[in-house]
Amino acid sequence: MQPTSELGGSALQARTFGSMGTVISLTVPAGAVPGTAGGEGGLDAASAAVERVFDGLDETFSLYRPDSEASRLARGELSLRDSSAAMRDRYAEALSWRLRTEGAFSPERPDGVLDLSGLIKGYAIGQAGEALRSRGITDWCLNAGGDILVMGSPVPGSGTAWAAGVVDPMDRSALLAAYELGGPGTRCALATSGSAERGDHIWAAGAGSRTAGFSGAGFAQVSVAAADIVTADVLATAIVAGGTAMLHRATDGWEIDVLAVRRNGELLATPGFRA
Amino acid sequence: MRTRAAVSAALASAGILIAGWQSGVHVADTGSSVASAAAGTTGATGSSGSSGTSSSSGTSDSTASSGASGAGTTGASAKAVGTYPGSVVQTRFGSVQVQITVQAGKITDVTALQLTDAERKSVQISNRAAPILRDEVLQAQSADVQTISGATVTSEAYLNSLQAALDAANL
């Protein structure tokens, strides 16, 4: 790991906002966003664009908003056939992931309610990244509740990767590992799923019970690095739900790195997480 | 006789193993994949031939020659215990050569003889997640990273998170 301490303090600028029940952080190198008259207006505008992406998707897909399209579907007031193209597209994508993960990832809760929240946050991060890119911003780091997508470098033009830390599930005030995102590498996304916190979209595959009370799978936390955030997010979720078998299917079938923490604290890692 | 059949069957399965390893690894290596699969088939043919003749019994000389047609089985016919190298196969992880150890007609060990990448340093053959000690993963202090990944945090949990501290430093 390259020392990055010289990046501390004023070299980076961040903006945060709340959406989708979590906090989203946009971090950019100082001066990397074309701003208005040298101020930080550019960064504020970029952050607002990211926020619009998240809020727009949350309006449609949130099950916490009684007036959302997802809530109307869940209550049976609306059928999928009559739902919006955006809803049907994400549903099709979720079904495709269910097939590819052999059921470890599923868009349906055990009670039958369609719940796309396992997919939507990753999708939103990706769309927000596109919004930044379309504004000509090419060095940034987006973090939505611990799921990360980066582009470029924290030191523009240097080719230096973004350094991401992975929280230790046994001690949330400490880091378990580090991973380099972007820079010269092709893996720009890192997502972590766990059964300890807010695992409400993770169900044990085929068991119909939530992993929080299901120790068979045995992973307290799973981090997946991939080229895109949806793949990283979905596979991290699938491995927590599907256990060791799904972990090996994922590393065999996708170009990813994985760091998995068993409930007893033991680690499993692909070579990319090795020192 | 039985041991030779077992040995050639073992070599055949090693051939299939190599072919299986190779398939799905690299499209450009289809040629060598087919070659190793063909080597495996040769061994399998030898084993079925010898089992056929052993049922008719007494024609051990003819089976010995048919067994020798499979590369590597010449040594196998002399001794039922030993190590047998396979052919070198190109994979995306570099050149791979597999060696099997046979005891009492059964494969007891499969090892990679040659496992290098372009820099000639040893690499893992697959990207499988393997058990690892805590001090073997890439380490970092929160001061050395620009962002932090963790299991989905709620807005409340964010307040006390390392990510919040990082964000606060850059706001």
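Strand β10 of chain A, residues 267-269, is joined to β4(B) by 3 bridges, and the two run antiparallel. Pairing here requires at least two bridges found by DSSP between the strands. One partner pair is A:Leu267 with B:Ile132 in β4(B). Helices are DSSP runs of H or I of at least four residues and strands are E runs of at least two, numbered from the N terminus.

This is a predicted model, in which local features need pLDDT of at least 70 and side-chain atom pairs count only at pLDDT 80 or more, while totals for chains, interfaces and linings use all residues. Residues are numbered from 1 along each chain as its sequence is written, and chains are lettered from A and ligands numbered from 1 in the order in which they are written.

The chain contact as a whole takes 62 residues from chain A and 36 from chain B; contact means C-beta atoms, placed from the backbone, within 7 Å. On the side of chain B that touches chain A, α6(B) gives the largest share, 5 residues. By class, that side has 17 nonpolar, 14 polar and 5 charged residues. Nonpolar covers Ala, Val, Leu, Ile, Met, Phe, Trp, Tyr, Cys and Pro, charged covers Asp, Glu, Lys and Arg, and polar the others, Gly among them.

Now the helices of chain A. α1(A), residues 41-61, packs on α4(A), residues 117-134, at about 150° with the axes 9 Å apart. Axes are fitted to C-alpha atoms, for helices over the stretch in contact, and angles run from 0 to 180 degrees between N-to-C directions. The two helices are therefore roughly antiparallel, the term for angles over 145 degrees, with 65 to 115 counted as roughly perpendicular. Their contact has 13 nonpolar, 2 polar and no charged residues.

α3(A), residues 85-100, also meets α4(A): the axes come within 10 Å and cross at roughly 110°. That makes α3(A) roughly perpendicular to α4(A). A:Arg90, A:Glu93 and A:Ala94 of α3(A) meet A:Leu119, A:Ile120 and A:Tyr123 of α4(A). This contact divides into 4 nonpolar, no polar and 2 charged residues.

Last, confidence. Mean pLDDT, the predictor's per-residue confidence from 0 to 100, is 87 for chain A, with 86% of its residues at 70 or more. Over residues 1-9 of chain A the pLDDT is below 50, and over residues 205-217 of chain A it stays under 50. Where pLDDT is low, the predicted coordinates should not be read in detail.

Key:
Parallel < 35°, antiparallel > 145°, perpendicular 65-115°, else oblique. Contact = placed C-beta atoms within 7 Å.
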